[in-house]
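Have a look at the model first, and then read on.

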Amino acid sequence: MNLQQHSTICKGCWQNLHLPVVLRGPLAIPFRIVGLRPSRMNPNTCTFCELAFARIMKARNVTIDATVLFADLRNYTTVSQSLASSEMTSTIDAFYDECAEAIWEHDGLLNKTIGDAIMAVFNFPIRQDDHAAQAVRAARQIQQRWRARHPTLVEGLGLDEGSLCIGIGISSGDVCFGEFGRSHRDLTAIGTVVNTAARAQSAARGKQILVTKTVRDRCEKDIVQGGGSMYDLKGLAAPIELYDAGT
């Protein structure tokens, strides 16, 4: 990771509080002393942003408008059974790294790494009027970065070209975001939008990005083109229309 590409001050604190929390360099030392450092979810924000609900909003969670992205490394569970431990680790490290860089470049929050999948949230703590479009751009960049890395990766593991591709699903709308759990506190988003993004990811083929109609409607016409298709997604009462956002 090239830290020179990342912000010197916390974008979240500056945007929301006009507070210049320095993240890097000698001026960051006083902030490190009091426990403020770059967030592991997005190095352009700080650990204070993760505490914003309890410290500033005086609430454990709030409803926000956001876009949620899920990406999954296809066939990893099956493939990993024939890999050495070091090969499994390097593969998942590569997947996480490529997803993280794309998400952070578009000011998203890499909220969770879940085995061979990741979950990202756009529009918190860095607010974006075009967060749906930013999520789609991040998804495309994930696919582009993975395409560049994929041939060497699968060749080194002795796999065929169809192995270890990425499927992505994106949904947008109101989510409940904040701290959940008492004994184990988890900062994340929950709700129908999150579930829909996860199910859209499950329906996506390897190398495909599927987005909901809300995401399509919020993007400029040149970002998501073409008609949608109806999908029966597990856990949803009715079929839902999803759009291929390209790769």
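Phe 95, Tyr 96 and Trp 146 are linked into a cluster by ring pairs. The model is predicted, so local features need pLDDT of at least 70 and side-chain atom pairs count only at pLDDT 80 or more, while totals for chains, interfaces and linings use all residues. Residues are numbered from 1 along each chain as its sequence is written, and side-chain values use heavy atoms, with hydrogens and water left out.

How many aromatic pairs does a search of the whole structure find? The search finds three. Rings of Phe, Tyr and Trp (its six-membered ring) pair if their centres lie within 6.5 Å; planes under 30 degrees apart count as stacked, over 60 as edge-to-face and the rest as tilted. Two of the pairs are set out here.

| Pair | Centre to centre | Angle between planes | Class |
|---|---|---|---|
| Phe 95 and Tyr 96 | 5.9 Å | 40 degrees | tilted |
| Phe 124 and Phe 177 | 4.9 Å | 45 degrees | tilted |

The pair of Phe 124 and Phe 177 links distant parts of the chain, 53 residues apart. Phe 124 lies in the loop between strand 3 (117-122) and helix 7 (131-157), and Phe 177 in strand 4 (residues 166-180). Helices (H or I, at least four residues) and strands (E, at least two) are DSSP runs, numbered from the N terminus.

Both Phe 124 and Phe 177 are buried, that is, under 20% relative accessible area, with exposed over 50% and partly exposed in between (1.4 Å probe, protein chains only). Phe 95 is buried too, at 0%.

Strand 3 also pairs with strand 2 (residues 109-114): the two run antiparallel and are joined by five bridges, where pairing needs at least two DSSP bridges. Leu 109 has Val 121 in strand 3 as its bridge partner.
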